Amino acid sequence: MENMAEVAANNANHPNETSKNVFDFGAFVGDLIVEEDASSDDISLEGLQRELEECKDDDVVANILSKGVKLREYTKGVENNLRKVELDSIQDYIKESDNLVSLHDQIRDCDSILSQMETLLSGFQVEIGSISSDIKILQEKSMDMGLKLNNRKVAESKLAKFVEDIIVPPKMVDIIVDGEVNDEYMRTLDILSKKLKFVEVDPKVKASKALKDVQPELEKLRQKAVSKVFDFIVQKLQALRKPKTNIQILQQNVLLKYKYVISFLKEHSKEVHLEVRAAYIDTMNKVLSAHFRAYIQALEKLQLDIATSSDLIGVETRSTGLFSRGREPLKNRSAVFALGERLNVLKEIDQPALIPHIAEASSLKYPYEVLFRSLHKLLMDTATSEYLFCDEFFGEESIFYEIFTGPFAVIDEHFNSILPNCYDAIGLMLIIRIVHHHQLIMSRRRVPCLDSYLDKVNIALWPRFKMVFDMHVSSLRNANVKLLWEDDNHPHYVMRRYAEFTASLIHLNGVYGDGQLELNMERLRMAVDDLLLKLAKMFSKPKLQIVFLINNCDMTISVLKEASPEGGKVQQHFEEMLKSNTGLFVEELLMEHFSDLIKFVKTRASEDPNASTERPVSVREVEPIVKDFGSRWKGAIELMHKDVITSFSNFLCGMEILRAALTQLLLYYTRLSDCIKRINGGAALNKDLVSISSIMYEIRKYSRTF
């Protein structure tokens with residue numbers, strides 16, 4: 001070991017030399033001197049090579065081996081060093097012996113103290129174990145006491161609630177017996193109701209002895225409360241019967257405040273509740289029936305008669321019999337067929353109902369649809385208010401229908417007396433539309449109480465409208481043509497009635513698109529067509545017949561356009577009829593002034609002059625026609641203009657017809673000119689031909705007037 005240290009030191013002092021030495025295990029091992037020992041047989045050198053391989057990287061071992069130092073010598077050196085260190089340590093120990101004795105004494109004292117602490121802590125441990133068992137016992141007792149306390153609290157709360165629910169406080173007795181029916185009384189009734197329910201519902205309460213003492217008192221209070229609130233409600237119902245009472249205000253501001261009374265009676269005295277219910281139904285039935293009867297009687301004084309059974313489209317109005325009724329003024333009779341301002345009733349559908357005495361004081365009269373709207377506006381408002389009140393006050397919707405059996409009967413009686421005598425088809429259609437709007441209003445209000453009633457009214461109106469409409473159709477089919485005919489080719493009053501009547505129905509059907517009504521109007525149109533043709537045939541001249549048809553068609557179209565600008569099937573029919581008759585009139589008018597020209601153009605102008613025919617077109621044949629036209633065409637056009645002006649009631653229509661006639665004349669003359677160009681020797685007639693530009697100029701001159 002010592003040699004190894006020296007080798008390491010030398011290597012440290014001479015690093016360069018160390019790096020120059022090559023460590024060779026094989027060569028170095030060969031120099032090892034191993035002393036044989038008697039015990040060498042027990043020593044195994046197995047694994048030596050492996051250990052040397054592991055140590056070859058150790059700096060100290062490598063340094064020793066690189067110098068060739070013998071291991072035994074190195075070992076002796078190390079042992080000497082260790083012995084020296086041991087002797088030095090013994091000297092140091094001897095020097096510190098006193099301190100070690102003192103340290104030993106201190107350790108012994110500490111050990112004694114720790115022994116005493118151990119004894120003390122052991123005592124504490126025993127005492128703590130005893131305390132722990134005591135605490136456990138106390139914990140168990142505490143839990144037991146807590147459970148008992150909770151049970152007692154539950155029992156106390158149930159008992160307190162039982163006592164509170166079953167006892168009858170003196171103050172409650174005083175209020176029920178002697179108090180006035182007010183808000184406090186309502187609250188006390190609620191408390192009494194809860195107590196009555198409590199003793200009736202819980203079977204345990206029925207078996208309690210406390211109930212035997214309290215139940216008679218509760219029953220007395222119940223009877224007293226029922227009697228008192230019954231008298232109170234009946235007194236309030238009597239107020240509804242007083243004249244000029246605003247029923248809705250009394251219901252909303254008074255009765256609804258005490259609606260709990262009805263619930264109390266319903267729960268605790270069904271017999272009395274039924275009596276109150278019956279009393280209210282009887283009261284409101286009579287009151288509302290009287291109100292509607294008085295209102296209807298006042299409205300009847302305002303009614304304006306529009307039509308009777310003789311006010312039909314095809315009825316002759318000039319003849320009056322000896323016993324004929326006094327006619328309404330012409331202004332009112334025109335409303336039989338024309339809608340006019342009567343349409344305003346639909347625009348004012350949700351306006352307040354009429355106040356009869358104000359209208360009567362102003363001497364105003366109204367068509368029946370205005371009175372119908374006003375009556376049913378009042379009915380809707382009254383029914384809505386009553387329906388909502390019954391639902392909130394009694395909690396029953398069915399009570400409304402029992403109340404309104406009277407008012408419905410009064411209105412039905414009035415309506416059933418009016419409807420069979422109504423011959424105003426426009427008024428009936430207006431009423432049908434009013435009912436439709438009223439159904440929408442009630443639907444928006446979400447109040448279904450009038451659904452069946454309005455459906456019934458609608459079902460009654462349609463057959464009556466159909467019957468009156470059929471009367472108009474029959475009046476046209478069965479009309480006496482001789483009585484209706486007038487020697488005048490201007491629009492006939494029957495056609496004006498028809499046009500206004502149809503326009504009114506088209507207007508009223510605009511947004512509804514009722515297919516059944518359209519079919520009926522088609523039937524009416526076919527009937528008026530037949531009558532119109534019969535009236536036209538009464539004229540002796542075809543031209544007058546055509547003028548009559550044109551004037552009536554033009555008037556009808558003008559009236560229909562006011563109702564429906566986009567046109568309809570009826571309007572299209574009369575437009576086609578106007579167009580065809582306009583063509584006929586143009587031909588008649590031209591034949592009257594230029595018959596030779598037209599006959600030639602229609603029969604001969606299309607022939608080829610060079611063709612081998614029996615009689616080809618010649619100058620001699622055409623010359624008289626050309627000269628005749630050239631001599632009087634301007635005068636003829638002026639006569640045509642005057643004829644048109646006097647024949648047609650509508651100036652614009654007449655001017656359109658004149659323009660069509662002049663255009664057709666120009667076409668005929670153009671064909672004549674083309675024919676002359678193809679005739680041999682036709683150039684000789686050029687001096688007599690009127691230039692096309694001259695005719696065009698004349699046509700434009702007349703065109704400026706419209």
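Modeller: Helices here are DSSP runs of H or I with at least four residues, numbered from the N terminus, and the expected span of a helix is 1.5 Å times one less than its number of residues. This is a predicted model, in which local features need pLDDT of at least 70, side-chain atom pairs count only at pLDDT 80 or more, and totals for chains, interfaces and linings use all residues. Residues are numbered from 1 along each chain as its sequence is written, and side-chain values use heavy atoms, with hydrogens and water left out.

Biologist: How many residues does helix H25 have, and what span does it reach?

Modeller: Helix H25, residues 515-537, has 23 residues and reaches 34 Å from its first C-alpha to its last, which is close to the expected 33 Å. At its start, a side-chain oxygen of Asp 514 comes to within 3.0 Å of the backbone nitrogen of Gln 516.

Biologist: Which residues of H25 are buried, and which helices do they pack against?

Modeller: The general idea is that an α-helix has 3.6 residues a turn, so residues three or four places apart point the same way. Buried means under 20% relative accessible area, exposed over 50%, and partly exposed in between, with a 1.4 Å probe and protein chains only. In H25 the buried residues include Leu 517, Met 521, Leu 524, Val 528, Leu 531 and Leu 535. The helix's buried residues pack (contact means heavy atoms within 4.5 Å) against several helices, among them H21 (425-445), H24 (493-508) and H27 (569-603).

Biologist: How many salt bridges does the structure hold?

Modeller: A salt bridge is a side-chain nitrogen of Lys or Arg within 4 Å of a carboxyl oxygen of Asp or Glu, and the structure holds 24 of them. One joins Asp 350 to Lys 377, with the closest N and O atoms 3.0 Å apart. This pair links distant parts of the chain, since Asp 350 lies in the loop between helices H16 and H17 while Lys 377 lies in helix H18, 27 residues apart.

Biologist: Are Asp 350 and Lys 377 buried or partly exposed?

Modeller: Asp 350 is partly exposed, with a relative accessible area of 43%, whereas Lys 377 is buried, at 7%.

Biologist: Which parts of the chain does the salt bridge between Lys 543 and Asp 643 tie together?

Modeller: The closest N and O atoms of Lys 543 and Asp 643 are 2.0 Å apart. Lys 543 lies in helix H26 and Asp 643 in helix H28, so the pair ties together parts that are 100 residues apart in sequence. Both Lys 543 and Asp 643 are buried.

Methods: Helix = DSSP H or I, 4+ residues; strand = E, 2+ residues; numbered from the N terminus. Polar contact = N/O pair within 3.5 Å; in protein donor to acceptor, adjacent residues only side chain to side chain.
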